[in-house]
Amino acid sequence: MTSNSTPPVQRNNFCYRHPDRQSFVLCQRCGRTVCGECQTPGAVGVICPECMREQRGTAPRARTRTGFFSRSTEKPVVTYSIIALTALVFLLQLIPGLGITDRLLYAGLYSYPFAFEPWRMLTTALVHSQNFILHVGLNMYSLWLFGQALEPMLGRARFLTLYVISAFAGSLGVLFLSAPNQAVVGASGAIFGLMGAFLVIQRKLGGNMNGLLVLVGINLVIGFIPGTNVAWQAHVGGLIGGALVGLIYYQTRRLRHKRLQTVLIAALAVVLVALSLVHFVL
């Protein structure tokens, strides 16, 4: 039997956050009345904003692990930090008289005994062309894309290790494949390293790589086009270095292989450093 009568108007029938909005829905946790705007669907019933905030603050972060590969809801802090640092350095490059670009760029001659400045093999990834603003823009956009995919998967420390080794390997490509006086700038070597690692890991995991293969192929081909002024040598070096790191990460992804992974990454870093000193013995 139905009735046309309306419930009596009582103050507890109004939303506790919006006293002018009548509602007959209660929060399943605290029992307070909440209007449609303040309701968050829960497993059973709805939850008010305060209870939802408390629940999010006390609940463990969503994270699933399979060996060393994980999917996390944590923000890619390392990726954002590298982008922010690179943007800051680019702004400093624009200030006349500081000479930031000349202080941080890399050329093969800086790995020779008479002009030895090895830190440039890493700092070159922080400086970009001042005449072509899309240089830094495209590199940081690519870093943002691959960083969001790789950093939550690998973890912050492994992602940072991958980026640094890829940047160094990119400079090695310049050292071995370019003229000693050919100066280069940009994070392209490190970006290609991220591509290489992602390519290896996705292939091993059975993911779809068609789009990534096309992207890598286009970027490599562009570097060989005359007049583009792109350091394809850094692309090749970074791609190889990143692929090697990605392979190590995949092959030692089980928790029991943690020590082996550390040893192999350290060994790779030692080999790369040794290669950078080749002109001290030849």
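**Entry 1: a buried ring**

I started with Phe-198. It has 16% relative accessibility, so it counts as buried. The cut-off for buried is under 20%. I note here that this is a predicted model.

Next I looked up the partner of Phe-198. Phe-146 and Phe-198 form an aromatic pair. How is such a pair described? A pair of aromatic rings is described by the distance of the centres and the angle of the planes. For Phe-146 and Phe-198 I wrote down 5.9 Å centre to centre and 75 degrees between the planes. That pair is edge-to-face, because its angle is over 60 degrees.

Is Phe-146 buried or exposed? Phe-146 has 8% relative accessibility, so it counts as buried too.

Then I checked where the two rings sit. Phe-146 is in helix 5, residues 133-154, and Phe-198 is in helix 7, residues 188-205. The two are 52 residues apart in sequence, so the pair ties together separate parts of the chain. I searched the whole structure for aromatic pairs and found four.

**Entry 2: the whole chain**

I stepped back to the overall layout. I counted ten helices and four strands. In sequence order the pattern reads β-β-α-β-β-α-α-α-α-α-α-α-α-α.

How much of the protein is buried? Of its 282 residues, 42% count as buried. Residues 24 or more positions apart account for 61% of them.

The protein exposes about 15,900 Å². Carbon and sulfur atoms supply 63% of that area.

**Entry 3: a serine in helix 6**

I picked Ser-166, which lies in helix 6, residues 156-177. Its relative accessibility is 0%, so Ser-166 counts as buried. What does Ser-166 touch, leaving out residues up to four places away in sequence? I listed Gly-189, Ala-190, Gly-193, Leu-194, Gly-238 and Gly-242.

**Entry 4: charges over rings**

I looked for arginines over tyrosine rings. The charged end of Arg-32 sits over the ring of Tyr-16, at 4.4 Å from the ring centre. Arg-120 lies over the face of Tyr-110, and there the distance to the ring centre is 4.0 Å.

**Entry 5: a surface patch**

Last, I turned to the surface. Which residues form a nonpolar patch there? They are Phe-116, Val-273, Leu-277, Phe-280, Val-281 and Leu-282. Together they have about 590 Å² of accessible area.

I checked one member, Phe-280. It is found in the segment after helix 10, which covers 258-276. At 40% relative accessibility, Phe-280 counts as partly exposed.

How values were computed
Residues numbered from 1 in each chain as written. Predicted model: local features only at pLDDT ≥ 70, side-chain atom pairs only at ≥ 80, totals over all residues. Heavy atoms only, no water. Buried < 20%, exposed > 50% of the residue type's maximum accessible area, 1.4 Å probe, protein only. Contact = heavy atoms within 4.5 Å. Areas by Shrake-Rupley, 256 points an atom, 1.4 Å probe, with all protein chains shown as cover. Patch = residues over 30% accessible without salt bridge, like charges linked within 9 Å, V, L, I, M, F, W, Y side chains within 5 Å. Salt bridge = Lys/Arg side-chain N within 4 Å of Asp/Glu carboxyl O. Phe/Tyr/Trp six-rings, centres within 6.5 Å; stacked < 30°, edge-to-face > 60°. Lys NZ or Arg CZ within 6 Å of the ring centre and 35° of its normal.
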